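I opened this structure for a first look. These are my notes, in the order I took them.

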Amino acid sequence: MTIASTTEQICFVLLAATLVLGSLGVVLLENIVYSAFLLGGVFLSVAGLYLLLNASFVAAAQVLVYVGAVNVLILFAIMLVNKKESLASIPSLLSRRLLSGAVCLGLFGLLLRVAFTTAWPLPGPTPIGEEATFRIGEHFFSDYLLPFELASVLLLMAMIGAIVLARRDVFASDVITGEPADQGLIEKARTPLLTDRSKQPTAP
Amino acid sequence: MDLTAPVPLQAFLTLAALLFCIGVWGLINSRNAVRVLMSIELMLNAVNINLMAFSNYVDGELIRGQVFAIFVITVAAAEAAVGLAILLSLYRNRETVDMERFNLLRW
């Protein structure tokens, strides 16, 4: 994208601020619904960063896949499991948070050191800009053909796996033996089988 | 700060590192399982920003980074679908989304 450098810097600063504040909100806010909507904002600002990086096709894919599909899926999941529950307090919560914060700060420092001390081969070749979409298509059908086809198989597997995992109804009879399934057990999906029964002694 | 220079590569790398660290922190500290999945998405996006920045600044002719970013987006979509399905199944069996109570396989 050919825009003035000043405009580019202003856009970068705005997008970066949105990104960092939004992601902090995703992690820190109490209400998970707010977090999900902020996550959509984060995805949109990442798409804006892609536009700054001369990648309009990937920016469009980001908006379509992340904002349009993943974020909506997360919102659906929140609506399905959003039961008010009082979380049992953990004794060492604060120390755990501080410890993991220190670990993350250390990781951030390491990554910054790598970013600023490595001699990147700059400046590289001139970005091809709007030709990028054609180049991506060429890559997909020449040297990245096998990963491209595998990705479609992966998506099919994920789709079938998600359906199998999330469906509630089951077959009326056992597929292998043909015996009728215990419908009483199936219908009692409301009474969970694995809830915490720590009061009762469990069989060894 | 030079207002006429283009945005340096290191600015994108710093931003991606910050986003990744926020994602890691959220992954460790979230008690809601949905928020854990959101943190994973944040980390994947951070990696994608890195790939796209390198693709633009270092590999502007062949843009292999963009191809990789598209594959990462594909895998992330599959991961989100399966992860949320697992979450729904867990919720049906345990009636909670508290990560501290998913401890059936923990010593």
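## Chain A, overall

I began with burial: 21% of the 204 residues in chain A are buried. I call a residue buried if 20 or more other C-beta atoms lie within 10 Å of its own, exposed if 12 or fewer, and partly exposed in between, with C-beta atoms placed from the backbone. The model is predicted, so I kept to its cut-offs: local features need pLDDT of at least 70, side-chain atom pairs count only at pLDDT 80 or more, and totals for chains, interfaces and linings use all residues. Residues are numbered from 1 along each chain as its sequence is written, while chains are lettered from A and ligands numbered from 1 in the order in which they are written.

I looked up the secondary structure next. Chain A has 7 helices and 0 strands. From the N terminus on, its elements run α-α-α-α-α-α-α. Helices (H or I, at least four residues) and strands (E, at least two) are DSSP runs, numbered from the N terminus.

Then I checked contacts. Two residues are in contact if their C-beta atoms, placed from the backbone, lie within 7 Å. Among contacts in chain A between residues at least 6 apart in sequence, 46% join residues at least 24 apart.

## Confidence

I read the pLDDT, the predictor's confidence in each residue, from 0 to 100. Chain A has a mean of 85, and 83% of its residues reach 70 or more. Chain B averages 90, with 96% of the residues scoring at least 70. In chain B the lowest mean belongs to H3(B), at 92, and the highest to H1(B), at 95. I also noted ipTM 0.93 and pTM 0.86 for the model.

## Where the chains meet

How many residues of chain B are in contact with chain A? I found 72 of them, in contact with 76 residues of chain A. Helix H1 (9-29), helix H2 (33-57) and helix H3 (64-94) of chain B each give two or more residues to this side. H3(B) gives the most, with 24 residues. By class, the side of chain B that touches chain A has 46 nonpolar, 15 polar and 11 charged residues. Here Ala, Val, Leu, Ile, Met, Phe, Trp, Tyr, Cys and Pro count as nonpolar, Asp, Glu, Lys and Arg as charged, and the others, Gly among them, as polar.

I picked B:Thr14, which lies in helix H1 of chain B. B:Thr14 is partly exposed, with 17 other C-beta atoms within 10 Å. Not counting residues up to four places away in sequence, B:Thr14 touches A:Leu112 and A:Ala115. B:Thr14 and B:Asn50 are 36 residues apart along the chain, and their C-alpha atoms are separated by 9.3 Å.

## The core

I looked for a nonpolar core, a set of buried Ala, Val, Leu, Ile, Met, Phe, Trp, Tyr and Cys residues joined through C-beta atoms within 7 Å. The largest has 74 residues, and those with the most contacts inside it are A:Ile74, B:Leu19, B:Val34 and B:Ile49. I followed B:Ile49. Not counting residues up to four places away in sequence, B:Ile49 touches A:Val46, A:Leu49, B:Phe12, B:Leu15, B:Ala16 and B:Leu19.

Buried residues of H1(A) include A:Phe12, A:Leu19 and A:Val26. Their cover includes H2 of chain A together with H1 and H2 of chain B.

Next came helix H5 (residues 132-140), where A:Ala132, A:Ile136 and A:His139 are buried. Seen down the axis of H5(A), they fall within an arc of 60 degrees, so they line one face of the helix. That arc is taken from the directions from the helix axis to the C-beta atoms. The buried residues of H5(A) pack against helix H3 (56-81) of chain A together with H3 of chain B. On the face turned away, I found the exposed residues A:Phe134 and A:Gly137.

A:Asn54 is in the loop between H2 and H3 of chain A. Its phi is near 60 degrees, a positive value in a residue other than glycine. A:Asn54 is buried, with 22 other C-beta atoms within 10 Å.

A cis peptide bond joins A:Leu122 and A:Pro123, with omega about -10 degrees. A:Pro123 lies in the loop between helix H4 (93-117) and H5 of chain A.
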